[in-house]
Every structure is written in structure tokens, then in C-alpha cells.
Amino acid sequence: MAEKLSRQQIYDRIRATSKESYILEEMQRLGFWESSDTPSLPEVLIKRELVANQELSNLLAQDRKYQNQEAMLKEMRKARMKLAKDKRALTKQKNKQKKDDKAANWTNIQQQQIIYLGNGVSGGLNQTESDVETLQKFNLPVFNQIVDFASAIGADLSTLRYLLYQRKVSRINHYHTFEIPKKTGGKRLISAPKSKLKALQLWVLENILNRIEINDHVHGFIKERSIISNAQPHLEKDIVINVDLKDFFPSISYKRVKGLFHKLGYSEQLATVFGLICTYAETEHVEMDGVSYYVQKGDRVLPQGSPASPEISNLIAFKLDKKITGLASKFNFVYTRYADDLSFSTSKDNEKNIAGLLFFLKKIIESEGFTMHPAKTHIMRKGNLQKVTGIVVNEKLNVQRDQLRKFRALLHNIESHGWNGQKWGNAKNLINAVEGYINFVKMVNKSKAAAFKVQLENIVAKHGYPAIEKELVEVKIETIVAEIVTEVKLETPIKPSNDAKQYDWWNIL
């Protein structure tokens with residue numbers, strides 16, 4: 001027995017065919033309409049009507065489709081735009097997340113590493129491995145990471161970047177620069193670091209440089225050595241030779257300073273940092289639209305004015321001293337060096353070796369990256385005045401007599417007529433120059449220095465302190481005010497007192 005159809009199923013079959021076709025099929029199924037191989041006319045008509053209705057439905061559907069094509073395209077475009085908009089929003093969200101992750105990662109890197117400090121100096125900052133064995137051999141502090149060094153000096157990496165970043169043009173200058181007259185004429189450029197950078201240089205000096213032993217032939221800037229110890233080996237010699245190195249500090253480039261720290265065992269990264277701490281590029285001050293700029297004029301070199309420069313120069317010149325010591329020994333000369341002053345002495349019967357010494361000395365000096373000053377090579381024989389770093393070495397260590405006579409005359413003139421119109425060499429700050437010469441004499445002859453000091457005290461009691469030259473005052477005021485404004489951020493600069501005693505600490509001038 002055939003399964004009885006539900007009402008809904010009947011409606012579905014009628015919609016799929018037609019009412020007449022459904023009735024015909026049901027009548028045939030129930031036996032009310034006999035089916036044969038040759039269908040009757042009504043049956044054929046019903047089937048043809050069914051086919052015709054289906055074709056008509058298809059045509060009507062296609063007609064509706066073409067009639068609504070514009071609406072269909074509009075819907076398609078709308079759906080496509082929605083899909084694109086959703087995709088853009090998702091992409092934007094992903095990019096924002098990627099940007100945020102990148103910024104967070106960069107912040108973390110900035111807090112942990114220094115990876116860039118400007119053009120020409122950043123090549124080795126990604127090499128962070130130090131030679132611990134070499135560092136321990138020299139008893140130097142070991143830093144596994146740059147943050148360890150920053151912690152040791154009590155600073156953070158952002159401060160290091162601020163102080164060390166290498167720029168061709170900058171609105172910041174971490175040095176006070178000024179010129180002082182040389183004793184032999186001309187001017188010497190002094191580049192004195194401001195307090196923050198100076199603190200770093202002092203740390204490097206005390207914790208690294210001062211731990212390296214210097215050979216016995218070097219006497220400049222070394223504890224318990226002086227111009228006296230430098231002159232002593234040449235006392236009572238028949239022949240004394242003085243040779244000067246031209247532009248000693250400026251001859252020592254940033255690359256050589258960085259290489260020094262690397263040879264001591266520090267990584268490329270730390271050697272770069274130390275090299276930037278201890279070197280300086282001369283700049284030119286330019287003003288444009290009321291804004292000050294500092295334009296770099298040359299390469300970074302060892303500055304005259306940094307507390308670390310003398311010790312670095314001694315270490316850089318290690319090979320120079322070693323070679324010259326060997327040369328001097330070969331030609332039977334005694335050798336000492338005080339900064340850029342090289343001194344040799346020998347007996348009279350060794351005069352034949354002077355030419356050979358000077359010939360090969362020039363070659364050695366040039367091979368080590370220095371220059372022999374052509375106008376400052378002096379050969380002094382017994383019977384004439386012989387000086388080594390300003391100390392007379394003929395018979396005993398002494399101060400040059402004519403200089404002492406001139407100084408006594410100066411003090412006498414000041415005592416008689418006052419400070420006005422008096423001069424001592426090229427010094428602009430007369431009181432500092434006088435005190436400095438007395439201290440120089442004290443190193444050689446304490447009794448003479450004591451007498452000079454009493455005479456100076458009497459002069460000050462009688463005439464007071466001398467007025468400071470206007471140019472010198474302007475230099476000093478500019479220097480101190482620049483540092484105050486830069487580091488303390490005061491709105492009103494402080495004017496120093498007119499009392500000359502307030503300027504005593506500027507004895508470098």
C-alpha cells in the first residue's frame with residue numbers, strides 16, 4: 001500500500017508540475033485511469049501543458065533576472081564593498097597591532113641596547129662580546145651588556161645617546177671651546193667638556209686608564225712623575241736634544257682611541273662608546289634665524305681640555321715609546337718623554353750618532369701616525385744653556401737665570417707701580433700667571449719660591465688684585481653662563497663677581 005502523502009507534500013508536487021498533471025498521476029496510480037503504450041489525447045495534452053508551463057516558468061524567471069540585473073549588480077557591488085571594507089578594517093587592525101608591537105620592541109631594545117649613534121661610528125655597535133680574559137689581565141671592569149656600564153656610571157642609555165650621538169650639524173655642544181696663547185706664539189685651542197660629559201671622562205680615567213701601567217720613560221701626567229723626573233736623567237750630559245711632536249693630541253683620531261679600548265679587551269660596542277666619550281670634533285658656531293647651530297669642521301680627535309686625553313695619549317704612544325727606546329739604546333742615548341716633548345742626552349764622544357738618531361727618529365714618529373715639528377728640534381751642548389721641559393740641566397736642576405731675573409724685575413715693578421701695564425709673557429690673567437710661575441719655581445727651588453710668594457702677598461696687600469682683562473672676563477662669563485643655561489635651565493643668567501679672586505679656579509687660562 002502506497003504511503004499517504006501529507007497536505008504539504010501534495011502542495012509541493014502540484015507546484016513542481018501542475019494540478020492537472022498531479023490529478024492524472026494520482027488517477028493512474030489509483031486505477032481510475034488506465035495507462036497504455038499509446039497515451040490518450042487528454043493525457044498527451046496534460047503532459048504537453050506541463051512541459052509548456054515549465055518552459056514558461058523558466059522564461060519568466062529569466063525575464064525577471066534580466067529585468068532586475070541592475071539591482072542584482074548593485075547588490076553584488078554592495079556585498080563586494082562590504083567585504084573589502086571589512087578586509088581593510090582587519091588589515092588596519094593587524095597593522096596597528098604590528099606597529100604597536102614594533103614600538104614596544106623598539107622601546108625594549110632602546111632600554112637594553114645602543115644600536116645607532118650616528119653616521120661613521122655605529123658599525124660595531126652590534127658586536128657586544130668582550131675579551132674577558134684580557135680585561136681580567138689588566139684588572140679592568142667587565143661589563144656583559146651596555147646597561148651594566150650605564151648602571152656603573154649612574155646613568156641610563158638615553159643619557160649616553162644624548163651625550164655621544166655623532167651629528168654633522170647640531171644645536172647642542174657638549175664642550176666649551178676657547179683659545180689660549182702659546183708661550184712660543186700662536187694660540188692653542190682648548191676644548192673643555194661640560195660637567196656631564198666630564199664626569200664620564202673622569203670615570204673612564206679613574207676606572208680604566210689609570211689601571212694600565214706606563215713605561216718608565218714617560219713622565220707626563222703620571223702620578224709621582226713630573227717635569228723634574230723627566231729632566232733628571234739628562235742632568236750633566238754633554239749633549240741634550242729636544243724634539244717636539246706637532247699637534248700631538250689632534251693627531252690621535254677617534255679610530256685610534258676606539259682601537260685602544262678594543263685592544264684592552266672591550267667589545268666593539270663598548271670601545272665605540274668609550275671612543276666617543278673621549279674624543280671631540282671641532283665645530284663652527286653658526287646662527288640662522290636666531291637659532292644657534294654647531295657645524296662639525298673635521299674628524300673626531302683627542303681634545304685638549306679633557307681629563308682623559310693625557311692618559312690616552314700615553315697609552316696610544318706605547319709603541320712609539322718602545323721603538324724610540326730601542327733606537328736610543330742602539331745609538332747610546334738616554335730617552336724620556338713628557339707629553340709631546342721628546343728628550344735625548346748622551347756623552348760627547350757619541351756626537352757622531354746624532355744624525356742617525358734624528359733620521360730614524362723621524363721615520364719612527366711618522367710610522368706611528370705623528371709628525372716631528374720641523375722648527376722645534378734643538379741640539380744643546382755643554383757650555384751652553386741646556387733645558388729639558390723648561391728645567392735647566394747643565395750642572396744641577398734649576399730654573400733659567402734670565403727668567404728669574406725678569407720675574408724679580410716684574411715683581412719689583414708691580415710692587416713699585418701697581419699692576420697696570422705689567423705683563424708676563426702672553427698671559428692675559430696676570431695674577432694666575434705670576435702664581436703659576438711661583439709654583440713652577442717651587443718644584444725646583446722651594447726657598448726661592450717661598451721668597452717670591454711672600455713678595456706677592458705684600459704686593460696684594462699694597463695694591464690688591466689686578467683687574468681682569470675685558471676679553472678674559474667675557475670668555476669666563478660666556479663659559480659659565482653657557483653651562484648654567486644648558487644644564488640648570490635658569491631663565492636669568494647669574495653674573496659673577498668682579499672680585500678677581502673669584503676667578504682663581506680658571507687657572508687653565
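Begin by selecting N139, which sits in the loop between α5 (132-137) and α6 (146-152), where helices (H or I, at least four residues) and strands (E, at least two) are DSSP runs numbered from the N terminus. This is a predicted model, in which local features need pLDDT of at least 70, side-chain atom pairs count only at pLDDT 80 or more, and totals for chains, interfaces and linings use all residues. Residues are numbered from 1 along each chain as its sequence is written, and side-chain values use heavy atoms, with hydrogens and water left out.

Although N139 is not a glycine, its phi is positive, at about 60 degrees; most residues other than glycine have a negative phi. N139 is exposed, with a relative accessible area of 53% (buried is under 20%, exposed over 50%, partly exposed in between, with a 1.4 Å probe and protein chains only).

Select D289 next, in the loop between β5 (283-288) and β6 (291-296). D289, not a glycine either, has a positive phi of about 55 degrees, and its relative accessibility of 76% makes it exposed.

Now display helix α10 (residues 254-263) together with helix α12 (residues 309-316), whose axes lie 11 Å apart and form an angle of about 75 degrees. Axes are lines fitted to C-alpha atoms over the stretch in contact, with angles from 0 to 180 degrees between N-to-C directions, and α10 and α12 are therefore roughly perpendicular (65 to 115 degrees). On α10 the contact (heavy atoms within 4.5 Å) is made by R256, V257 and L260, and on α12 by I312, L315 and I316.

Finish at M76 in helix α4 (residues 69-112), which is partly exposed at 42% relative accessibility.

Terms used. Parallel < 35°, antiparallel > 145°, perpendicular 65-115°, else oblique.
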